[in-house]
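Please read these notes with the model open beside you. They cover strand pairing and a few local contacts.

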Amino acid sequence: MAKKRRPQPQAAARSAHDGPVPVVGAREPCPCGSGRRYKACHGRSAAQAVTELVRRPFEGLPGECDWVALRELVPAATAPLTLKGGLPEGVPSVTLATVLPMAWPALRRDDGSVLLGLQNDTSSGDLSRDLADTLQRALVAEPGTPVTAGRPDADGPRLQDLLDTEAPFAPEVHTGFEFWVENADQASAEVAASLERANAAALPTARIAGLEGAYWCEAPGKNHLRWVTAHPEERLLDALARLHAAGESSLGEDTRLVGSFRAHGLVVPVWDLPSSMSAEDVTAPAVAFGERLTKALADETPLTSEERRARGGLTNRQVTLS
């Protein structure tokens with residue numbers, strides 16, 4: 001006599017539950033009715049959705065290049081954020097900050113305003129969803145308290161869902177982290193010590209006026225220009241190779257395009273500058289380079305052998321930060 005075939009868990013899941021499956025504890029029975037633990041059933045796909053890497057987390061936000069720069073390049077900066085539907089009652093403002101004291105993910109100040117930290121470790125593969133989760137918790141936190149790290153739901157909102165994408169993104173670069181506190185002279189000893197350490201470690205940085213994502217920084221021995229771009233990677237590398245082969249990739253005497261890196265799905269060309277070259281000095285040459293780059297991006301002819309060698313050199317020096 002043939003053995004009676006047992007129903008498959010997947011089939012049981014489909015027949016026992018229609019619609020979204022609630023989130024429960026990992027070891028609890030899955031609400032779908034399969035008889036399996038949640039972590040081995042619908043929890044598996046939920047966990048995968050949370051950890052899957054989103055290559056361009058800031059895509060769709062105004063100022064995507066500046067978002068990436070503030071996440072990876074700029075020590076001290078802030079930018080006001082505009083929420084869809086306006087600010088909740090009791091929250092006078094929401095401000096993005098590169099970092100916060102003690103690496104807090106967010107801070108609800110005594111007056112109810114919110115500071116959202118950008119340069120923090122995150123728990124999922126979608127930085128935008130992580131930041132949106134932190135922002136939502138900060139909006140309802142008690143005034144005068146920091147917001148701790150959390151793990152967002154797999155289907156939770158992203159920044160693109162919470163922020164007004166029609167509002168401009170206008171970062172302000174600071175020389176130090178005094179923006180952490182409303183009155184630095186009255187900061188607690190712990191915050192004051194954190195502020196002193198942060199100020200001592202920060203490299204002087206400036207945003208290049210009129211060029212989204214372009215930032216000058218002063219480093220020991222030489223200065224740098226790092227320019228976050230939103231151009232498609234292959235087209236950008238071709239254009240940079242054309243300019244490099246033609247001797248038009250520098251920003252003036254003793255400057256050199258040294259390569260590029262990827263960050264959050266965007267390519268960031270990097271120039272070495274002499275230590276005497278300030279942010280003001282490099283602005284006009286950078287704007288002129290931008291015009292040359294626009295023309296090179298429009299060139300669709302095949303690369304010459306010299307341009308291919310230049311492209312290979314740039315590609316070999318490329319690294320990925322995130």
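How many bridges join strand 3 to strand 4, and in which sense do they run?

1. Three bridges join strand 3 (residues 106-108) to strand 4 (residues 114-117), and the two run antiparallel. Arg108 has Val114 of strand 4 as its bridge partner. Strands here are DSSP runs of E with at least two residues, and helices are runs of H or I with at least four, numbered from the N terminus; two strands pair if DSSP finds at least two bridges between them.

2. This is a predicted model, in which local features need pLDDT of at least 70, side-chain atom pairs count only at pLDDT 80 or more, and totals for chains, interfaces and linings use all residues. Residues are numbered from 1 along each chain as its sequence is written, and side-chain values use heavy atoms, with hydrogens and water left out.

3. An open sheet of six strands has the order 5-3-4-2-1-6, with mixed pairing. Strand 5 (145-147) and strand 6 (172-173) are its edge strands, each pairing on one side only.

4. Strand 10 (residues 256-263) is mostly covered, with six of its eight residues buried (under 20% relative accessible area, 1.4 Å probe, protein chains only).

5. Strand 10 is joined to strand 11 (residues 266-273) by seven bridges, and these strands run antiparallel. Leu257 stands opposite Trp271 of strand 11. The two strands form a hairpin with two residues between them, and His264 in the turn has a positive phi of about 50 degrees.

6. Strand 10 also pairs with strand 12 (residues 319-320), in the parallel sense over two bridges. Val319 in strand 12 is the bridge partner of Phe261.

How values were computed. Buried means under 20% relative accessible area, exposed over 50%, partly exposed in between (1.4 Å probe, protein chains only).
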